[in-house]
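Please consider how charged side chains pair with one another in a protein. The questions below take up this topic step by step.

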Amino acid sequence: MNYQESSPRALSVPICERSVGAEVACEYVLPDYEEEIRRLLRVSVSPLPPESFVGGGNASFAGALCFDLLYLSPEGKLCMAKVSEGYELSAPLEKDADVDYSDEIVAFCDVSCEGVNSRVLAPRKLSLRCRLRGRVRAYGRATVTETMRGEFSPEGLERLTGTADAAVFARALSEELAVSGELEMGLAGELRIIGGEGSVHISQVQCEDEALLCRGDVLLRVLATVDEGEPFVVRGSLPFSERVEGDGFHEGMSARAWGAVTELALGEIDGKVSADASFKISAEAQENVGVPYTRDLYSTVRKTEAVLGMRSYPHAAACRMGNFTQSLYEPLEKFQLENDTEVVDFSASALAENVLCDRGRWALVGESRMKLLVKSGGEYRCLEIPVPFRYEFEGEEGEPESFFAELHMTGGRARVDGTKLALDCEMGVSLRLCVRGEAQMLREATFGERVGACEDCVVCFPRGGDTLWEIAKRYHAPLSRLRAQVSGDDDLPSYLIVKN
């Protein structure tokens, strides 16, 4: 049987590993129904999941940035506004002769914001500028080929085989989804909604044929006042269950998903906050598939020269959802806060910087940014507090080949406790990790002159480090003949009869 034709031998191989940047800049004019800007307190920015495109030798990604503005009006009222602006990122693909670039290219990109600059140009006009960084990883499917040169008989070939447990991937981006509901206020009086922000928390994923089932909540944080009193935050959640369809998903794959709110409309109905949210979900899955390959080859009847080469590939190590908790309890003076400080609003974001493996235990490490809106001495102030994090999880041990992680706040509390600032934050994690697989594979074999006939009995006395394969190849002997002389414990005997 022809080994090369009898087994599927397509291997996932990396064809792009690059960090790319882009800058998004825009000017925004507040509509007439929005309050004018006296002082800009904070600009928060979050990227939406990007669409991916492969073509023209590039992996390209297009999405949108959402800017959330918090500012004071000339009357000293807190106000919020939202701005969206598109972004594009692109990275060139590396050329690999064994990869078919017209099919089965899958590309991933983790998009993060490196910083945002804002400037008020006029009471209703401001400029926004944000620097983006994208970590791009793309894979193609390479056929593991062998080139045979010269004359040879398939019946005289001896082949040493192996199996590469290589990752295969599936990914999909949902259409725009929608959810709506109401949040209870718990207070009587005339309600004024200042604004709000939403995030997507996916708590459960399940792979199905050609789809990923995602269950979770759109988490809402609404800033409001009653009877123009002190502002306060209303938190709530809108549950959802959505099926994200895409090629390549099937039962048994490990999966992760994350999402972002694309639009949020808030209103007041009978003293309750009505919410209509649109959002998108990015879904990914991976698994390992055994790909057979030839480690070495020789002929028992012709002299053989084999050319071997190393091939790297991704091996799926972990793909999961998770969560962890962070706490902070520090003196107010450390953050230049007075004892009369009141916490009005609290949110958090986080960015993963690396993955570490220690004795089979993995850790995702990075930095969270605790974001506070506080009031002290009658003045509002925003501050960010960096807090390092470490999220530990289980996965197959190895050298990291690639990782992608999205982190988001799922709940928390901030308060002033005497002269201390106390923060408790719950973070959700969606991550996917591959480790580096590597195998030495046969690339080419050249068959020369026939091996001379030998009428004598040939005995081999194995040297230290010899393997049965190396001895059989050295003497062009059938491997089965030598294997029959080895006991069940696989230790080589003191001598082997290679020809008789």
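This is a predicted model: local features need pLDDT of at least 70, side-chain atom pairs count only at pLDDT 80 or more; totals for chains, interfaces and linings use all residues.

Q: How many salt bridges does a search of the whole structure find?
A: A salt bridge requires a side-chain nitrogen of Lys or Arg within 4 Å of a carboxyl oxygen of Asp or Glu. Searching the whole structure for such pairs gives a total of 38.

Q: Which residue forms a salt bridge with Glu-17?
A: The closest N and O atoms of this pair are 2.5 Å apart. Glu-17 belongs to strand β1 (residues 10–29), while its partner, 120 residues apart from it, belongs to strand β7 (residues 125–143). The partner is Arg-137.

Q: Is Arg-137 buried or exposed?
A: A residue counts as buried under 20% relative accessible area. Arg-137 has a value of 2%, and it is therefore buried.

Q: In the salt bridge between Arg-243 and Glu-245, which class of accessibility does Glu-245 have?
A: The closest N and O atoms of the two residues are 3.1 Å apart. Arg-243, at 42%, is partly exposed. The cut-off for exposed is over 50%; Glu-245 has 56% relative accessibility, so it counts as exposed.

Q: How many residues apart in sequence are the parts tied together by Lys-473 and Asp-296?
A: The side chains of these residues meet in a salt bridge of 2.9 Å, N to O. Lys-473 lies in helix α2 (residues 468–475) and Asp-296 in strand β15 (residues 272–299), so the distance in sequence is 177 residues.

Conventions: Residues are numbered from 1 along each chain as its sequence is written. Side-chain values use heavy atoms; hydrogens and water are left out. Helices (H or I, at least four residues) and strands (E, at least two) are DSSP runs, numbered from the N terminus. Buried means under 20% relative accessible area, exposed over 50%, partly exposed in between (1.4 Å probe, protein chains only).
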